[in-house]
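The following note collects points for a colleague who is examining this model. Please read the points beside the sequence and the structure.

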Amino acid sequence: MEFLDPKLNLYAEQFSSDETEVLKQLNRETNAKVLSPRMLSGHLQGRILSMLSKMIRPKYILEIGTYTGYSAICLSEGLQENGKIISMDINEELESFILGYWSKAGINNKAELKIGNALNLIPQIDHPLDLVFIDADKENYSNYFDLVIDKLNSGGIIIADNVLWSGKVLDTEKHTDKETTSIHSFNQKIKNDPRVENILLPVRDGLNVIRKR
Ligand code: SAH
Ligand code: CA
């Protein structure tokens with residue numbers, strides 16, 4: 001669902017920085033060849049992720065939910081010199097596609113792809129994190145938050161995508177599916193957690209920007 005008038009969305013894209021050529025190509029090829037291309041962050045959200053990352057200047061980024069690697073490239077644009085991004089996905093079928101594009105984007109020296117269930121992979125991370133992007137299975141957003149919060153540095157940021165879930169969160173009596181109820185209880189949990197402050201940005205499908213105190 002588009003919350004913003006498509007013409008306004010286009011205007012916002014036109015008057016924001018362009019996607020790089022590699023990101024344009026990755027966006028096009030995902031739409032042409034890969035299942036569920038709507039999951040890709042896209043031009044405007046990609047620029048938002050890049051801008052936020054550049055403001056944070058993270059040393060370590062964790063991304064949960066790589067898909068075709070688009071958002072990882074955007075997030076990596078703000079990394080410190082010698083910084084690293086680890087991105088996880090349960091779907092091994094896209095591995096060579098992702099690595100091909102990361103190489104084209106020149107980030108394969110700082111980006112590491114881990115294939116597997118993020119619930120099992122996150123506990124293996126043994127260094128502090130500055131920026132986390134939660135964008136995998138919606139049922140587990142709260143679990144992902146619990147798994148990363150103690151690894152996040154004070155002042156560190158978690159960005160969770162799709163927290164408006166096409167507006168279904170407005171009516172959880174009508175939308176009783178697991179994804180809607182999980183996202184709604186994730187948003188409630190964040191609002192009530194004294195360890196963090198947050199802003200739910202109504203951008204695209206909703207970005208919850210969460211800062212650890
Ligand atoms: N961040 C990407 C889109 C991610 S789509 C972008 O913005 O372009 C969500 C991804 O989460 C899918 O690729 C799916 O395979 C992955 N995923 C779903 N459940 C997962 C799990 N338990 N562990 C890791 N990845 C998972
Ligand atoms: Ca998403």
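1. Contact, as used throughout this note, means heavy atoms within 4.5 Å. This is a predicted model, in which local features need pLDDT of at least 70, side-chain atom pairs count only at pLDDT 80 or more, and totals for chains, interfaces and linings use all residues. Residues are numbered from 1 along each chain as its sequence is written, chains are lettered from A and ligands numbered from 1 in the order in which they are written, and side-chain values use heavy atoms, with hydrogens and water left out.

2. T180 belongs to helix α8; helices (H or I, at least four residues) and strands (E, at least two) are DSSP runs numbered from the N terminus. Not counting residues up to four places away in sequence, T180 touches W165, K168, V169, T172 and H175. T180 is buried, with a relative accessible area of 0%, where buried means under 20%, exposed over 50% and partly exposed in between (1.4 Å probe, protein chains only). The side chains of T180 and D177 are joined by a polar contact of 2.8 Å. A polar contact is a pair of N or O atoms within 3.5 Å; within protein, one must be able to donate a hydrogen and the other to accept it, and residues adjacent in sequence count only if both atoms are side-chain atoms. Between T180 and G167, 13 residues apart in sequence, the C-alpha to C-alpha separation is 9.2 Å.

3. The axes of α7 (residues 141-148) and α8 come within 8 Å and cross at roughly 35°. Axes are lines fitted to C-alpha atoms, for helices over the stretch in contact, and angles run from 0 to 180 degrees between N-to-C directions. On the α7 side Y141, S142, F145 and D146 take part, meeting F186, K189 and I190 of α8. By class, the residues of this contact are four nonpolar, one polar and two charged; Ala, Val, Leu, Ile, Met, Phe, Trp, Tyr, Cys and Pro count as nonpolar, Asp, Glu, Lys and Arg as charged, and the others, Gly among them, as polar.

4. N162 lies in the loop between β5 (152-161) and α8 (178-192). Although N162 is not a glycine, its phi is positive, at about 65°. N162 is buried, at 10% relative accessible area. Leaving aside neighbours within four places in sequence, the contacts of N162 are D135, K138, Y141, I183, R204, D205 and G206.

5. Which residues are closest to ligand 1? They are S41, G65, S71, D89 and D135, out of 20 residues that surround the ligand, a residue being near if one of its heavy atoms lies within 4 Å. The shell comprises nine nonpolar, seven polar and four charged residues. One nitrogen atom of ligand 1 is 2.8 Å from a polar backbone atom of G65, and a nitrogen atom of the ligand is 2.9 Å from a polar backbone atom of A118. The protein buries 90% of the 590 Å² that ligand 1 exposes when taken alone.

6. Y67 also approaches ligand 1: a backbone N or O atom of Y67 lies 3.5 Å from an oxygen atom of the ligand. Y67 sits in the loop between β1 (60-64) and α4 (70-76) and counts as buried at 10% relative accessibility. Phi of Y67 is near 55°, a positive value in a residue other than glycine.

How values were computed. Accessible areas come from the Shrake-Rupley method with a 1.4 Å probe; for residues, only the protein chains shown count as cover.
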